[in-house]
Amino acid sequence: MAFFKKKEHINPLMAMFVGVTILIVGLIFAKTYAASYFLSGAYVLLIGFGYYKSCIRILPAFIILSAIFFLAFYYGKNSLIAGVTMVNRLGAIFVGLIPGMNIEPICMTRSLNQLKVPRAITLGMLITISFMPLLREEIARIREAMKTRGAGNILNPKVFYRAFIIPFVIRLVNISDTLALSIETRGFSIESNNATTYKKETINVVDVTLLLLVIVGVVLLAVFK
Amino acid sequence: MRAVELNNISFKYNEKAIIFKDASFFVDYGEVVLVSGHSGEGKSTLMSIISGIIPNVNYGEISGDVLIQGENIKDKKLNYVCRKVGIVLQNADSQIINKYVEDEIVFACENIAMPQDKMQKQINIVCNLLKLNPKDKTRSLSGGQKQKLITASTLAMGQKILILDEPLANLDKDGAKKLMDVLKSLAKSGYAIIIVEHRLDVVMPYVDRVYHVGNKNIELIDDKEKYLLSQIKKVEVNTNIVDTKELIFRLDNVGCKIKEKEILKNISFDIQKGSRVVLLGENGVGKTTLIRIISRLQKATEGKVSQYIDEKFDKKLYSKRQWFKKVGIVYQNPDYQLFMPTVRKEIAFGVKDNKEIDDILEMFNLKEFENTHPQSLSEGQKRRLTIAAVAGYKPDVLVLDEPTVGQDYKVLQEMVAILNRLHETTKNTMITITHDARCAKALCDRAIILKKNGEVFVGGPEDVDRYFGN
């Protein structure tokens with residue numbers, strides 16, 4: 001049965017829902033000590049459900065920012081709960097982001113396609129997300145090219161601006177022109193919404209278990225706050 | 001029924017830019033047709049007309065009949081035409097939107113609502129044809145592999161008419177030959193293939209018919225052998241070969257790993273001062289990485305590169321600005337290196353003396369464009385300008401990454417002549433990466449051939465011929 005079949009990742013929409021739930025609930029109950037237990041529990045839960053890499057990745061930034069805000073609010077307001085509230089708020093943001101960090105753009109696009117969300121929106125989303133690494137690469141290449149022309153000195157803003165902005169804009173225009181033409185010639189049309197999906201995103205027992213456990217956590221938090 | 005038929009086509013972008021006047025053209029199923037001609041004469045416009053890009057995306061005034069599979073496509077939407085005609089555009093890098101090869105391939109299939117089971121079959125077929133791994137990450141592919149991926153994505157849609165705009169631009173000789181084999185086999189199985197390509201030496205054996213675009217016309221070439229031979233003539237080698245013992249670079253067991261992926265391993269060779277070195281090798285063998293390491297844009301993870309330009313560059317703290325004045329780097333894409341408002345100012349950025357600027361403008365045949373905006377120049381002119389701007393610093397070493405890619409024969413000849421003139425005047429050391437058999441020998445005193453197994457072969461100009469199989 002498909003519901004019990006093993007799959008590689010949590011359903012993107014389910015992951016998004018779980019992330020948003022943790023974020024909102026964490027922020028609402030941030031002023032309670034119980035929220036700390038809820039967020040810690042959610043963190044452990046996410047590790048167990050395969051998000052361990054992202055959990056480890058966010059940890060250093062969370063620890064540093066938490067320490068700074070905790071000390072600032074603890075000593076600023078002379079109150080332990082003020083410090084804990086700030087840590088909880090940061091925790092809600094960081095833990096809430098974890099499921100979203102692991103969603104492959106194409107999986108999200110396909111999930112939304114299955115829900116008959118217009119392809120213009122889903123494709124726009126996919127391209128926007130895919131554009132980020134490309135943009136990073138372009139900026140790195142332009143910075144490098146500036147050095148080769150002797151225009152990499154930030155202390156000379158007039159030259160720096162020209163040598164960065166002009167190639168950057170030209171590249172962006174060229175890339176977006178080519179990309180737009182390429183997707184149109186590969187069959188995309190804003191007027192048509194009858195695209196098919198290569199890999200269907202399904203909901204299975206693991207997705208439902210994760211959602212139920214998060215809901216149990218929310219209920220416990222509401223009861224023991 | 002013909003695959004493509006253009007009858008008495010006239011097209012103009014505006015009154016000043018008339019591209020075709022009463023031109024006709026046809027392609028039958030089962031044949032590979034080459035569209036040749038100088039840059040800017042209308043090859044891309046022709047491809048855009050056949051594929052419906054004109055008038056749907058690019059505008060202009062068109063008259064005459066464009067028949068695809070016997071049907072007039074006047075007033076037909078691009079979305080309709082692209083189901084009949086597949087077009088593979090240039091600049092593959094800018095067209096990839098998915099993280100994995102298989103997702104990129106099925107992107108087009110999803111758009112045209114292909115059933116799921118057929119998509120899987122199409123992935124298997126095109127990956128097998130073009131030797132792609134469907135599970136590979138797209139960002140880890142080399143330039144040539146990305147070009148293959150975009151070709152695969154179009155092929156998977158299953159149209160019987162295929163247009164390829166410079167498909168060989170980033171492919172090495174073996175990659176180019178393999179792609180042409182695939183296209184020829186598709187033609188034999190009933191496809192109509194139209195290719196726009198400047199590397200006629202590679203395309204020639206596979207082509208059934210040739211059209212020349214120019215003078216507002218599309219002319220069918222009767223004697224294709226004569227035409228092709230006139231276009232693939234190698235650039236004459238008329239520079240004295242430099243053979244000196246004085247070194248400018250020495251590479252000792254240089255290696256480079258990026259995220260555990262080994263790009264280069266145990267590379268050792270010397271580069272003589274004042275010599276012209278051509279770096280050859282297949283796609284993905286690490287040529288670009290190697291010149292990036294030599295020119296200090298990237299660090300080697302193993303081994304050492306010794307430089308003999310100036311001892312001051314051996315110190316831990318040295319001026320990068322001074323280094324790049326001594327080692328000039330010219331990128332494959334000129335858009336990265338041009339940023340001033342006029343051609344003259346672009347050169348003046350590195351050269352203060354007016355007479356020197358004039359000399360450089362003369363040498364690079366750019367005098368008539370001195371007040372033109374660099375971005376409004378043609379691709380070949382932009383490349384010349386980039387080299388001129390970098391050469392303005394009088395660098396001891398000039399590093400060139402594919403200086404002739406996508407250029408027609410006339411522009412290529414001009415480029416090679418300028419580079420050799422510059423070399424003779426300044427006595428610089430010139431390191432060039434190229435896949436272009438027409439000019440490699442003309443830019444070469446020493447050939448360095450990188451092989452996939454990490455082996456390096458160092459030879460002379462005669463080895464360039466051997467490498468390209470001439």
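The structure, a predicted model, holds 6 cavities of 30 Å³ or more. A cavity is a set of points, on a 1 Å grid over the protein atoms alone, where a 1.4 Å probe fits but cannot get out; a volume is the space filled by probe spheres set on the points, which are joined across faces, edges and corners.

Local features need pLDDT of at least 70 and side-chain atom pairs count only at pLDDT 80 or more, whereas totals for chains, interfaces and linings use all residues. Residues are numbered from 1 along each chain as its sequence is written, chains are lettered from A and ligands numbered from 1 in the order in which they are written, and side-chain values use heavy atoms, with hydrogens and water left out.

**Cavities.** Select B:R199, B:T404, B:V405, B:G406 and B:D436, which lie nearest the centre of the largest cavity among its 13 lining residues (those with an atom within 4 Å of a point). Its volume is about 80 Å³, and its lining comprises 2 nonpolar, 5 polar and 6 charged residues. Here Ala, Val, Leu, Ile, Met, Phe, Trp, Tyr, Cys and Pro count as nonpolar, Asp, Glu, Lys and Arg as charged, and the others, Gly among them, as polar.

Next, display B:H38, B:E197, B:Q231 and B:R438, which are among the residues lining the second largest cavity, of about 60 Å³.

**Second largest pocket.** A pocket is an open set of points with protein on both sides within 12 Å along at least five of seven lines. Strand β14 of chain B gives the largest share of the lining, 5 residues (strands are DSSP runs of E, at least two residues, and helices of H or I, at least four, numbered from the N terminus).

**Nonpolar core.** Now select B:I105, B:L168, B:M180, B:L183, B:L186 and B:I193, which have the most contacts inside the largest nonpolar core, of 51 residues. Such a core joins buried (under 20% relative accessible area, 1.4 Å probe, protein chains only) Ala, Val, Leu, Ile, Met, Phe, Trp, Tyr and Cys residues through side-chain atoms within 4.5 Å. Helix α7 of chain B (residues 173-188) gives the most to this core, 7 residues.

**Interface.** Finally, show both chains: 48 residues from chain A and 60 residues from chain B take part in the contact (heavy atoms within 4.5 Å).

Methods: Buried means under 20% relative accessible area, exposed over 50%, partly exposed in between (1.4 Å probe, protein chains only).
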